[in-house]
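Dear colleague,

Here is the structure I said I would pass on. My notes on it follow below.

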Amino acid sequence: MTNINCMGLVLKTQPIGERDKRVTVLTDSIGLIHCFARGAQSIGGRLMSATQPFAYSAMTLFQRKESYSLDHADIDKLFMAVSIDIAKLSLVQYFAQAVIAHAPREEDARETLRLLLNCLHFLNGDQMEPAIVKVVFEFQLMKLCGYQPLLEECGSCGEQREEGLYFFSLSEGILRCEACAQTRREEECVLPPPILKALRHVSGDLSKAFFFQLPGEQLSYLGDIGERYLQYHSERRYETLDYYKSMNG
């Protein structure tokens, strides 16, 4: 049996019997894991609070072959404001579902954990419009998965220019100028200059990615591109995203 100390964020829980839980955790050092938490459903149990969704803790795990059990957890943050706001909660459940689909297993996941903690921090403190947090999450997660968009020039002819329209290919993650996009496909999205500038920003340095402004309609359009890009490369739809969108009209 191996003893592992790590930081972990609970993404999903499943009751087992009347006392225990199966918990899906994103850890810093060993990526996404599923672990058994004995007594975590028991009122007053030492693991009850630490195994609720989006609890972030210093954890002690026991590993036996390919299975993990949670022995101890010191809570660092609970993100309570997110947990009691149904709209925000539905958004972070979408984040969690996407991370479960894409996060590394059995390897370092600090950057994925950093992204998710940043999103939770901004939502928890009402410091950021949820639509901004959403689009940053989508493009930053895709960057971590190896799908960072190439946004400096036309991916077909290499042209760089400040004026006019570009088109963004969801399948290839590249720009096409108007000339190269004459035989435009359904999966290419038109990018007026303000949208392209914002897309370059949210795909860049995470420490700066959240800090930008777009009018509501343009932000909504950029968000649509973000979710389409994530779903295209996930090769799946996210029912949690559908629920979040139904909550927000």
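A disulfide is counted here as a pair of cysteine sulfur atoms within 2.5 Å. The model is a predicted one, and searching the whole of it for such pairs gives zero disulfides. Cys6 is in none: the nearest cysteine sulfur belongs to Cys35 and lies 8.5 Å away. Cys6 is buried, at 6% relative accessibility. For Cys157 the nearest cysteine sulfur is that of Cys154, at 3.7 Å. The cut-off is 2.5 Å, so a pair must lie within that distance to count, and Cys157 is in no disulfide either. Cys157 is partly exposed, with a relative accessible area of 45%.

Next, the nonpolar cores. The largest has 62 residues, and the members that touch the most others in it are Phe95, Phe137, Phe168 and Phe212. In soluble globular proteins, nonpolar side chains tend to be buried together.

Two backbone points may be worth a look. Phe79 is not a glycine, yet its phi is positive, at about 55°. Phe79 sits in the loop between β5 (67–77) and α1 (80–83), and is buried at 5% relative accessible area. Glu106, also not a glycine, has a positive phi of about 60°. Its loop runs between α2 (86–102) and α3 (110–124). Is Glu106 buried or exposed? With 51% relative accessibility, Glu106 counts as exposed, since the cut-off for that class is over 50%.

Regards

Notes
Residues are numbered from 1 along each chain as its sequence is written. This is a predicted model: local features need pLDDT of at least 70, side-chain atom pairs count only at pLDDT 80 or more; totals for chains, interfaces and linings use all residues. Side-chain values use heavy atoms; hydrogens and water are left out. A nonpolar core is a set of buried Ala, Val, Leu, Ile, Met, Phe, Trp, Tyr and Cys residues joined through side-chain atoms within 4.5 Å. Buried means under 20% relative accessible area, exposed over 50%, partly exposed in between (1.4 Å probe, protein chains only). Helices (H or I, at least four residues) and strands (E, at least two) are DSSP runs, numbered from the N terminus.
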